[in-house]
Structures are given as C-alpha cells and as structure tokens.
Amino acid sequence: MIIDKIFHTLFRKDVTFTVALFASDDLSLDVFNEQHLILKYPLKGLWKPKPLRFQADSFLFVKDDELFLFYESQHWDDPGRIEMTKTKDLQTWSKPVVVLSEPFHLSFPYVFEDHGKIYMIPESQESDTIRLYQANADLTDFRFVRILLKQERDEQINFCFNDSHVYYKDGKYFLFTSYQKDWMYYQELYMTDDLLDGKFIKHPQSPICVSNEFGRNGGSLIEYKGKLLRVTQDCHKSYGDNISLMEITQMDENHYEEIVFMHNIFPRNSIFVDGGHQLNIAQFKGKYIYATDYKINKWTWYQLYVALAKKLRLNKR
C-alpha cells in the first residue's frame with residue numbers, strides 16, 4: 001500500500017491537449033470522427049528537456065479568402081502564448097507564428113470582428129484581468145487596447161476570468177466569463193454599450209450558472225440552426241473531460257435563461273479517447289469547419305520533478 005502510494009505520487013500521467021479540425025458540407029454535431037478529420041496536431045517529445053505541453057483552445061477566423069487558426073501554445077515551465085496558422089485550401093497550412101505573448105500565461109484566443117476591426121480577447125487570468133487586443137492588417141500581431149475587467153483575488157479564488165468572450169446583441173456587448181471559487185466554477189455575465197470605452201456592469205442574474213459540469217466555457221457562443229448555444233466544458237470528474245452545449249432561450253439586459261441542448265458531444269473514439277475541451281465553428285469554401293482540441297493523458301518526466309519539488313518544500317516547513 002505504501003509503495004503504491006509513493007509510485008502514484010511520483011509517477012503519474014499529465015493532462016495535455018492538442019488541435020484537431022473537422023469539416024463537413026452540412027452543419028452537424030455528428031462530425032467528430034476520422035471520416036471528417038482534416039487536421040490533427042501530434043503531441044510528441046514530452047520527454048525532451050523543454051517539451052511542448054499544450055496546443056489547445058483552437059479558434060477559427062475567416063478573412064478574405066483565408067482561414068486563420070489561432071491556438072494556445074505552451075512549453076514546459078513557460079507561460080502560454082498565442083500562435084496562428086492559416087490556409088487557403090484546407091490542405092496546405094502556413095508555418096505557425098507567434099501573434100501574441102505576455103509575461104503571464106495566455107490561452108483561449110477568442111478572435112472577432114467589430115465595426116470593421118479585428119480583436120482578440122485571450123484568457124489572461126494570471127494577470128487577474130480580461131484584456132482586449134487589436135490585430136494588424138495581416139493578423140500576425142495583436143496590440144493591447146484596454147482592460148475590460150479587473151478582479152481582486154482572495155484566498156478562496158482558485159482561478160479568475162477563465163475563457164472569456166463577448167456577444168453583441170440588441171446594442172449591447174454581453175461578456176461571458178467564469179471564475180473558480182473553492183473549486184467550483186461560477187459563470188458570470190457582464191454587459192456594456194461600448195466595447196472600447198464603456199464600463200462592463202454585472203448582469204442582474206449573474207452568476208448564470210454555478211457548476212463544474214456547465215460553469216466554464218469551452219468556446220464562444222455558436223449560432224446553430226436558429227439557436228444560440230453556449231459551449232461548456234465538463235470538469236466535474238476531470239479537467240477537460242468533454243464538451244456540452246447550453247441553449248440560451250432568453251438574453252437581454254434584465255433576463256437570462258438557458259437549458260441543456262446537448263450533453264457530451266465528443267464521442268469516445270480514437271481521437272477523443274481521453275476527452276476534449278474546445279469547440280469553435282466557421283464557414284469556409286462552402287464547408288463548415290470545426291475547431292477542437294483533444295485530450296491526451298501521457299507519461300512525462302516533469303511530473304516526477306513537480307512531485308519531488310513539492311515533497312521537498314513540504315519537508316522544509
């Protein structure tokens with residue numbers, strides 16, 4: 001028993017994610033299989049001195065005749081940064097380039113257009129802020145514009161401002177974000193009339209969801225066959241276990257209602273055998289393109305390092 005406990009403390013698998021894209025002629029949620037797969041990033045070299053841990057949180061954006069793919073890229077012991085690759089034909093992709101990096105961790109690169117300009121709201125929860133960036137002409141660089149929200153962290157908050165994005169409706173920008181308090185996710189909703197200069201105020205029904213199963217976003221809102229869907233990642237058993245969809249049945253400055261539309265949409269096939277936690281959909285070249293990331297539980301050298309470091313710190317107290 002003691003030997004088993006020591007073994008599982010020092011030698012355990014790490015959770016990693018990497019990109020998978022699918023394509024279909026029709027808008028459907030039954031496409032996450034080898035038949036529709038058009039791009040799948042491998043995740044190799046986890047035993048190298050500085051391995052690549054994440055290529056996650058994939059987002060699509062169409063500009064002119066090109067499809068852009070943005071995602072988080074993180075190497076061991078470095079903060080995540082945002083990379084981009086693009087294609088004109090869904091077959092040949094450009095060499096990935098870094099489009100945004102900061103001293104703190106970045107992920108969830110939600111890219112959108114507003115009044116003819118292209119912006120990004122990445123997750124920057126390590127800075128305790130939600131930040132807005134604007135793209136240059138070819139989307140190879142994003143510059144800081146403003147802080148949308150700032151939160152004072154206390155000892156009960158594990159994470160703040162996870163996976164934030166906005167949706168424009170009836171003259172208002174609705175900002176979806178979440179934080180984790182005492183290991184429970186709270187989905188918050190804010191709103192403003194002015195993205196660049198306005199103050200975001202909390203919606204009267206916020207938090208709109210308190211749940212480890214539906215409380216954290218797994219992508220931005222999706223317009224699907226006349227329905228508006230909030231993408232959620234299921235974390236109630238393990239982090240990034242699957243994706244579910246909530247249908248927003250009412251949303252204005254005074255009311256918000258949602259119901260479960262589809263639960264756990266990723267099948268347990270050869271791609272999503274360990275799970276996945278991101279979904280974004282775009283139309284390109286007459287097809288629907290689905291950006292996801294798939295979860296991999298793999299052995300790594302640094303889990304042993306982390307376990308030993310924690311053990312040494314505890315023994316010194």
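## Aromatic pairs

Search the whole structure and you'll find 20 aromatic pairs. Here, rings of Phe, Tyr and Trp (its six-membered ring) pair if their centres lie within 6.5 Å; planes under 30 degrees apart count as stacked, over 60 as edge-to-face and the rest as tilted. Phenylalanine 32 and phenylalanine 266 make an edge-to-face pair, with 5.1 Å from centre to centre and 80° between the planes. This pair links distant parts of the chain, 234 residues apart: phenylalanine 32 is in the loop between β1 (13-24) and β2 (37-40), and phenylalanine 266 is in the loop between β20 (256-262) and β21 (276-284). Strands (E, at least two residues) are DSSP runs, numbered from the N terminus, and helices (H or I) need at least four. Phenylalanine 32 is buried at 2% relative accessibility, and phenylalanine 266 is buried at 4%. For these labels, buried means under 20% relative accessible area, exposed over 50%, and partly exposed in between (1.4 Å probe, protein chains only).

Ring pairs also join Phe22, Phe32, Phe266, Phe272 and Tyr290 into a cluster.

The model is a predicted one: local features need pLDDT of at least 70, side-chain atom pairs count only at pLDDT 80 or more, and totals for chains, interfaces and linings use all residues. Residues are numbered from 1 along each chain as its sequence is written, and side-chain values use heavy atoms, with hydrogens and water left out.

## A charge over a ring

Lysine 40 lies over the face of tyrosine 294, 5.1 Å from the ring centre. To count, NZ of Lys or CZ of Arg must be within 6 Å of the ring centre and within 35 degrees of the ring normal.

## Salt bridges

Side chains of opposite charge can pair when their charged atoms come close. The whole structure has 13 salt bridges, each being a side-chain nitrogen of Lys or Arg within 4 Å of a carboxyl oxygen of Asp or Glu. In one of them, lysine 287 pairs with aspartate 25, and the closest N and O atoms are 2.7 Å apart. Lysine 287 sits in strand β22 (residues 287-299) and aspartate 25 in the loop between β1 and β2, so the pair ties together parts 262 residues apart in sequence. Lysine 287 is partly exposed at 30%, while aspartate 25 is exposed at 53%.

Glutamate 83 and arginine 81 also meet in a salt bridge (3.3 Å, N to O). Glutamate 83 is buried at 9%, whereas arginine 81 is partly exposed at 31%. Finally, salt bridges link Glu123, Asp163 and Arg216 in a network.
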